[in-house]
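Please consult the sequence and the model while reading.

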Amino acid sequence: MRKTLFCGVDLHSNNAMYVITDQRDKQLLRKRLPNELPVVLKTLAPFRPRLKVVAVESTYNWYWLVDGLVDHEYPVVLAHPSEMEQYNGIKEADDLTDAAFLARLARLNILPTGYIYPKEDRPVRDLLRRRMLVVQHRTGVILSLQNMAERQTGQKVGWRTLRKLSDAERADLLGDHDCLAFVTAEQVELIELLSEKIKRFEQKVLEHAQLRPAYTCLQTLPGVGPILALTIMLETGDIGRFATVGDYTSYCRCVRATHTSNGKKKAHNNGKNGNPYLTWAFVEAVHHALRTCPQAKSFYDKKRAKRNGALATKALAAKWSKAAYYMMKRQESFDLTRVFG
């Protein structure tokens with residue numbers, strides 16, 4: 001039996017619109033279903049032998065649907081929403097037209113698709129993402145405490161310095177108001193609690209992570225330790241899915257997103273298209289590398305003198321992402337001369 005049907009799925013938080021069309025875009029099914037896998041499977045079952053593609057919109061909650069359909073051997077692809085644009089002159093658009101549009105692009109074989117990350121690696125990768133959130137929260141608390149101390153004293157005071165002071169010493173430094181001492185004590189305690197939680201996250205990650213050759217290679221990159229190496233490895237997935245180093249660097253959001261014409265800047269492109277977790281990992285690596293790698297520090301200082309610190313950091317992160325690409329691709333250690341000449 002020829003597979004001549006195409007299914008588009010416009011997925012939402014608690015339901016989805018399903019449209020199945022034939023080779024002439026005739027709609028054989030258009031139905032809104034709850035996000036319950038047994039209901040979905042029962043509805044699609046009569047069409048299953050002829051389904052050529054099931055195109056699921058890549059939203060934050062696609063795991064359950066894609067995994068369930070793959071387990072039942074449906075031909076599933078993830079539709080890449082940021083690369084699709086419907087006809088601008090369309091009068092009315094809704095969930096039905098969106099799902100039908102996915103089915104039509106699938107029929108025409110021009111549907112932009114995303115990467116279906118391996119199911120077995122997702123839990124550890126997502127655990128690292130939750131660790132990153134805790135790290136960012138801790139950083140926010142540290143900056144808040146240090147800013148308060150700077151406002152009170154006119155000097156930069158690290159949170160570790162504040163932690164070591166007695167209550168009397170904190171009062172002398174910050175002022176004798178009880179609220180200042182209270183905030184300092186509570187925020188120091190919160191920072192220490194978050195640090196302990198981060199360690200627990202890291203222990204669980206190392207307990208379950210399946211190490212690959214890329215893990216060892218990445219740890220030779222200045223500023224990259226075990227956790228950042230795992231983050232880069234797992235967020236990257238199969239390095240073979242990136243045809244060029246430019247594709248990978250763009251995916252890491254380490255390139256400019258601008259549109260120029262005749263030498264003039266016309267607009268900003270989608271700078272958020274890519275992986276924010278890889279962006280964070282390479283920026284973190286750069287911050288650590290600046291303290292240990294003289295060549296990286298020299299490059300950063302030159303860029304900073306011309307532009308600013310943020311752009312200098314991003315430029316160095318771009319170099320690190322390019323180095324990581326070739327290291328994972330060739331399973332080689334970091335070579336400083338290839339990066340800086």
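## Charges over aromatic rings

The charged end of Arg-48 is placed over the ring of Tyr-74, at 5.2 Å from the ring centre. A charge counts as sitting over a ring if NZ of Lys or CZ of Arg is within 6 Å of the ring centre and within 35 degrees of the ring normal. Arg-122 likewise lies over the face of Tyr-63, 4.4 Å from the centre of that ring.

The model is predicted: local features need pLDDT of at least 70, side-chain atom pairs count only at pLDDT 80 or more, and totals for chains, interfaces and linings use all residues. Residues are numbered from 1 along each chain as its sequence is written, and side-chain values use heavy atoms, with hydrogens and water left out.

## Aromatic pairs

The structure contains 10 aromatic pairs. Rings of Phe, Tyr and Trp (its six-membered ring) pair if their centres lie within 6.5 Å; planes under 30 degrees apart count as stacked, over 60 as edge-to-face and the rest as tilted. Trp-62 and Tyr-63 make an edge-to-face pair, with 4.8 Å between centres and 75° between planes. Trp-62 is buried at 8% relative accessibility, whereas Tyr-63 is partly exposed at 25%. Here buried means under 20% relative accessible area, exposed over 50%, and partly exposed in between (1.4 Å probe, protein chains only).

The pair of Tyr-248 and Tyr-325 is tilted, because the ring centres are 5.9 Å apart and the planes stand at 35°. Tyr-248 belongs to helix α10 (residues 245-251) and Tyr-325 to helix α13, so this pair ties together parts that are 77 residues apart in sequence.

## Helix α13 and its ends

Helices (H or I, at least four residues) are DSSP runs, numbered from the N terminus. Helix α13 covers residues 309-330, and its 22 residues should span 32 Å at 1.5 Å a residue. The expected span is 1.5 Å times one less than the number of residues. The end C-alpha atoms of α13 are 32 Å apart, which agrees with that expectation.

After α13 comes Gln-331, which has a positive phi near 55°.

## Salt bridges

There are 16 salt bridges in the structure, each defined as a side-chain nitrogen of Lys or Arg within 4 Å of a carboxyl oxygen of Asp or Glu. Which residue forms a salt bridge with Asp-126? The partner is Arg-125, and the closest N and O atoms are 3.3 Å apart. Asp-126 and Arg-125 are both buried.

Asp-301 and Lys-297 form a salt bridge with an N to O distance of 3.0 Å. These two residues are 4 residues apart in helix α12 (residues 294-306), so about one helical turn separates them. Asp-301 is partly exposed at 35% relative accessibility, and Lys-297 is partly exposed with a relative accessible area of 35%. In the bridge between Glu-332 and Arg-338, the closest N and O atoms are 2.9 Å apart. Glu-332 is partly exposed at 29%, while Arg-338 is exposed at 56%. A network of salt bridges links Asp-25, Arg-104 and Arg-107.
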